Amino acid sequence: MNGLHLIADLYRCQCPPDLLTDRAVLETLCVEGCRDAGLTPLGAYFYQFLHDDGQHAGVTGTVVLAESHLAIHTWPESGDVTLDVYVCNFSRDNSGRAREVFEHVIRTLKPRDSVCHDVVRGKIGAEV
């Protein structure tokens, strides 16, 4: 159960608008980012919210990884995003891979401000 959970609140993102409003574009960023970092995507589900007039609104999505998951939610009206990357470290230490995809997504979204947290999960270094 040992793992690392990276959590970010990203404010006023300066990225191209389609990254916050287009399901396919955001899904590609997240899935390819996981793969490029050496993680193993098993599947993804991204949902496109729509305004009453049918125009794209925010997106919520999850990439299920063999190592655990990435979750992302966008609020394009304010340019805000929440991002979670959680990896378990049972058979190998995936912490560096998690940080790589986490930092890649944040760099791509270009927030003006962010609040990030690292949460160590499980009983690392302790006998059960």
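**Close-up 1. Asp118 and Arg99 pair up in a salt bridge.** In this predicted model, the closest N and O atoms of the two side chains are 2.7 Å apart. Asp118 belongs to strand S6 and Arg99 to helix H3 (residues 95-109), so the contact ties together parts that are 19 residues apart in sequence. Asp118 is partly exposed, at 46% relative accessibility, and Arg99 is partly exposed too, at 33%.

**Close-up 2. Asp113 forms a salt bridge with Arg12.** Here the closest N and O atoms come out 2.1 Å apart. Asp113 sits in strand S6 (residues 111-121) and Arg12 in strand S1 (residues 3-13), so this pair links parts that are 101 residues apart in sequence. Relative accessibility is 37% for Asp113, which makes it partly exposed; Arg12, at 38%, is also partly exposed.

Close-up 3. Arg23 is partly exposed, with a relative accessible area of 30%.

**Close-up 4. Tyr47 and Phe49 form an edge-to-face aromatic pair.** The count of aromatic pairs is one. Its ring centres lie 4.8 Å apart, with 75° between the planes. Tyr47 is partly exposed at 38% relative accessible area, and Phe49 is partly exposed at 41%.

**Close-up 5. Arg121 puts its charged end over the ring of Tyr86.** That charged end of Arg121 is 4.6 Å from the centre of the Tyr86 ring.

Key. Residues numbered from 1 in each chain as written. Predicted model: local features only at pLDDT ≥ 70, side-chain atom pairs only at ≥ 80, totals over all residues. Heavy atoms only, no water. Phe/Tyr/Trp six-rings, centres within 6.5 Å; stacked < 30°, edge-to-face > 60°. Buried < 20%, exposed > 50% of the residue type's maximum accessible area, 1.4 Å probe, protein only. Lys NZ or Arg CZ within 6 Å of the ring centre and 35° of its normal. Salt bridge = Lys/Arg side-chain N within 4 Å of Asp/Glu carboxyl O. Helix = DSSP H or I, 4+ residues; strand = E, 2+ residues; numbered from the N terminus.
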